[in-house]
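I set down the criteria beside each entry.

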Amino acid sequence: MTATDSAVESDPALRRRVDVAVVGAGFAGLYLLHRLRAMGLSAVCFEKADGVGGTWYWNRYPGARCDVESLDYSYSFDADLEAEWEWSERYATQPEILRYLEHVADRFDLRRDIRFETTVERADWDEASTRWRLQTSAGDEVAASFYVMATGCLSVPKDIDIEGVGAFEGEVYHTSSWPHDGVDFTGKRVGVIGTGSSAIQSIPLMAAQAESMTVFQRTANFSVPAHNGPHRADKAAELAADRKAYRDSAKWSRSGVPMVRSEIGAFMVSDEERRATYEKGWAIGGIFGPLNTYMDLLTDKAANDTLAEFIRGKIRDKVEDPATAEILCPTTFPVGTKRVCVDTDYYETFNRPNVSIVDLTVDPITSITATGLDTARGSHTFDAIVFATGFDAMTGAIVAVDINGRDGVGLAERWAEGPRTYLGLMSVDFPNLFMITGPGSPSVLSNMVVSIEQHVDWICDTLSHLGEQGLATIEPTSAAQDGWVRHANDFADITLFPLADSWYMGANVPGKSRVCLPYLGGVDGYRQVCDDVVARDYLGFRIGGPDGERVADGLIRELMPDVGLLLEAMAELGLPPLETMSPEDARAFMAAAATQRAPGPDVGEVVEGTYPGAGGELPYRLYRPSSPGPHPVVAYFHGGGWVLGNTDSDDPMCRDLCVKTDALIVSFDYRHAPEHRFPAAPEDAAAAVRWLGEHAVSLGGDPSRLAVAGWSAGANLAAVTCQTVRDEGGPAIAGQVLLCPVTDGAADYASMTDNAEGFVLTKSLMDWFWDHYLAAEQRSDPRASPLRAETLAGLPPALVVTAQFDPLRDEGDAYAAALDAAGVKTEHLRARGQIHTSPMAVDVLPTPAYVRDEMAAALRRFLGVDANDGAEA
């Protein structure tokens, strides 16, 4: 026994000390108890109910079922358990799920460690003993080395924010706490408030009994048919053929359910094919039937609209009264951004003569009364009112306990502006406190059982690691937690989820901060993150023990989510590295790839022409705005390492800049290596700008407002050209925009090592470019490395954009700093989470769009164009 153990044991107020205290005896708590016991750790579980089951103990309303198929919604940790339990139908009912959990509790003798009808009222971290001190509703005090909230994501009903609640003198029921012996509505007038999942499941059954039913709907929800019945033959056969492979597939799937993910966009097919695909999804039914049809349904509003309108068409087909059908048609949020409901005859129920619906958006409830309720347009009398008003999801059960961490900081207080966790598992200043499927993890956007098992396994493996190392405490670092919250928000922001006032966003609870609560990166991506954290010596955690504390600070995922997904997709293609090709083959490869890219926006006119380069005629492509001229003029130089590319290479970018700047964008080609080595390219670039200054008027431009821009090697040429025309007397350049520029090939920078592989532009590819372009001793020439210029003073104002995961990042940063030090008005945009090529992905990647916006805004400022309407400033 250690000194701290002795101190705890000598405290007369403590009646018990355990290794792990657990709150909740549902799917999570039961499996956790089983794992802890196998590890030889002492544990106690506190459960408010008088039996196991968690959500499935409380939610006993008519029609309550899981909305994930039974074969998937079950434990996978024990093959014998799986073999001995057979689910009776595709979507199990609440009583069957509860029987299953009771069977699990009995089979593994778990009840002896559960304290039923007991809640934890307060939990305080004791720094001296490195333990949690818990006070329970039974008056006990328990000291636990580790404290785990296994409280479920949908376990605390939200407060009912209707005036007069409690005034009704008839029968009152809540779907979240239904009487265990059921309710008979025969001959009764019933009012139902709410049309979420529990209402959609229960309304058909209650309506079949009631004399009359009035449904009060604030927000219509999308619901798809369950097609309940026997298990799907294909799923049952796949599971029977190789149970382990099936379960492993679930663990590494997007949603925790094995399925082939669509790689086709909704507009990549004809209207007829898309409708046929939706019909197939509708015939499959369930949450994933229609939503898994196209890859962009939750990221592209226009694509989502096609599915939403398809479902609205189904509602109109099912509901006989057109006015009622329109009330039931959701129109205020994209389909899937609120949890899609799964029903049996929900919409058909409104064809019954005893069922009516009130649209609360036009006839809101004003108060509950003794006999029913009043709306703005009238009074309604009932014998019974059913509240199906939902939950304080994901955070409610956690902050309901008075949890106080280091220095007495309260978790509810810390989360007042939204939950902050690392991996959805832990929170800063709350050592040894774990949350199963907490905010910041996939949780409710997954098959919960798969996510629960993954979290329990991760927690138990971590406890085992701590024990083996003789360590006592673990908690996240602030940097890691901030980074994870930012990463989770980045994921949410590239989806349509923030467009909905959903409980996913916390928007159903008045006063709750509006933030996306679940992690949208998928079960597979999240599992990989958790594995990577462990593999990197528990990156993002501080771990303490008798010999002190060790900290593995850092961020686990810094790439923007869409960029990361694109890199994963490219890796799966197994494309050959460009540097393994000849220049001719690399050019052909890039030209073929360009045929598959998004085209970019339409412009007023595109004109092809030629200009006199330093070595002869060369092509240019001019992009003209649709507005009347004369327009400001931008000379643009494409990327490609001075080896690849032409006037078509950066076409989407040039179109985007044309639209956003209301300027003429003239994309100049130049001679390429190895056929034309250095200094051919900078000589052509200087000739292009001089020619543009002389011929801007004939092109419809204003030569007094001329800027230069470029990307990568093109940005290098733009920077070099600004130095050349400064030294040679014009033309006057109003500003320069340099995107991921090459500025110094004569020095080694950390980013060239840190970002050497895996981000499209690699160190080896950059060396390939340089070697084709010039001799090694020429790299320090200022016309190749503009950072090496004798002076940078007197250059036009600049915007320099660098990307976090670009091998060229540090030399771009250095050029921005050098310009500023030389007195050049310089803006420096560091593109967090981006790679060298991502800003060029117009209409493909959403997160770098702001980079192009900032480039266009800078050009407008340089060119004297008003940012609002294109008028001269």
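I took two strands as paired if DSSP finds at least two bridges between them. Strands (E, at least two residues) and helices (H or I, at least four) are DSSP runs, numbered from the N terminus.

I note that the model is predicted, that local features need pLDDT of at least 70 and side-chain atom pairs pLDDT 80 or more, while totals for chains, interfaces and linings use all residues. Residues are numbered from 1 along each chain as its sequence is written, and side-chain values use heavy atoms, with hydrogens and water left out.

Entry 1. I looked up strand 14 (residues 372–375) and found 4 bridges to strand 15 in the antiparallel sense. Within this pairing, G372 stands opposite T381 in strand 15.

Entry 2. I then read the sheet as open, with 3 strands in the order 13-14-15 and antiparallel pairing. Strand 13 (365–368) and strand 15 (378–381) are its edge strands, each pairing on one side only.

Entry 3. I turned to strand 28 (residues 798–805), which runs parallel to strand 29 (residues 826–835) and is joined to it by 7 bridges. V800 stands opposite H828 in strand 29. From strand 28 the chain passes through helix 26 (residues 809–821) to strand 29, a right-handed β-α-β crossover; right-handed applies if, with the strands pointing away from the viewer, the path from the first strand over the helix to the second runs clockwise.
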